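Subject: Structure handover

Hello,

Here is the structure for you to look over.

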Amino acid sequence: MKFFCKRSLAALAVSSALFTLPALAADLENESYSIGASFGKYLSGQLEGQKELGQEIDLNSLMDGVEDALKGETKLEPEAMLDFLNARAERLNTELKAKQQAEMDAAKAANDAYLAENAQKEGVVVTESGLQYQVLAEGKGEKPSAEDVVTVHFKGWTIDGSQFENTYTKGEPAQMSLIHTIPGWEEGVQMMSPGAKYRFVMPSNLSYDIQDPKAAMAPHSALIFEIELISFTEPKAGNFGHGASMGGGASMDEMLQGE
């Protein structure tokens, strides 16, 4: 009986080993494949961007390079490879700058055309700074100064009609100190009395400067706002007199980036 049990246990152990080895081999194959596929997917994304800049790739040579590197047997010396990579990087940078400049030129042309067309519309007034405004509804009473804190409802668009902000849909107005807003807001809202509603078109120099690395909008972007002034107060502690806050504490940058 004991002999039979020992043989049975031995057979079971061999059987388990035979069952496990193929599974482990399959796992190793799948894991190895997954590593290669992940690397390939990442590399494909990088190369696609380079192709868009006019820099092609020889896929066969690329695969040879990967295989040789894995074997530790590269055909080129490290210094030579670095020279080739630096040369390609320089071409990519040149092409990227050219593409960005072309996009900026196209954006400027589109914005200039929009501003010129809008300035000719009935009821539109253009100030000395270039700010364009149209009175949709007049208000009553005094007008705020740059230091005052204003409570407003507003909508904001880019010239292609994309809306990036709408306080009406949030159910509450925004509050901010005018002196901490973009120049177009600071100038425009000071023209308004409580109850007024104006439509403004603000050139890029009155919204975001092209050199500002934190700018939420693309270079040369004119912005369109419909602003309703609800009320204003003098600045004092606790009412945003020393900061730019628009509805829930968001900064002007955050507000113009949209949701």
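Below are my notes on the pockets and on one lysine. Please keep in mind that this is a predicted model.

The largest pocket holds about 840 Å³ of space. Its lining counts 25 residues, and Ile57, Ser61, Leu62, Gly65 and Leu85 are the closest to the centre. Of the elements, α3 gives the most, with 8 residues. By class, the lining of the largest pocket has 14 nonpolar, 5 polar and 6 charged residues.

The second largest pocket has a volume of about 220 Å³. Its lining includes Gly36, Phe39, Gly40, Leu43, Ser44 and Leu47. Leu59, Leu62, Met63, Val66, Glu67 and Leu70 also line this pocket. Here the elements that give two or more residues are α1 and α2. The lining of the second largest pocket divides into 8 nonpolar, 3 polar and 1 charged.

Now the lysine. Lys197 is found in strand β6, which covers residues 197-202. Its relative accessibility is 25%, so Lys197 counts as partly exposed. The cut-offs are under 20% for buried and over 50% for exposed.

Which residues does Lys197 touch, leaving out those up to four places away in sequence? The contacts are Gln134, Val135, Leu136, Ala137, Tyr168, Met192, Glu226, Ile227 and Glu228. Take Glu226: Lys197 and Glu226 are 29 residues apart in sequence, yet their C-alpha atoms are 6.9 Å apart in space.

Best wishes

Technical notes. Residues numbered from 1 in each chain as written. Predicted model: local features only at pLDDT ≥ 70, side-chain atom pairs only at ≥ 80, totals over all residues. Heavy atoms only, no water. Helix = DSSP H or I, 4+ residues; strand = E, 2+ residues; numbered from the N terminus. Buried < 20%, exposed > 50% of the residue type's maximum accessible area, 1.4 Å probe, protein only. Contact = heavy atoms within 4.5 Å. 1 Å grid on protein atoms, 1.4 Å probe; cavity = no way out; pocket = protein on both sides within 12 Å on 5 of 7 lines; lining within 4 Å. Points joined across faces, edges and corners; volume = space filled by probe spheres on them. Nonpolar A, V, L, I, M, F, W, Y, C, P; charged D, E, K, R; others polar.
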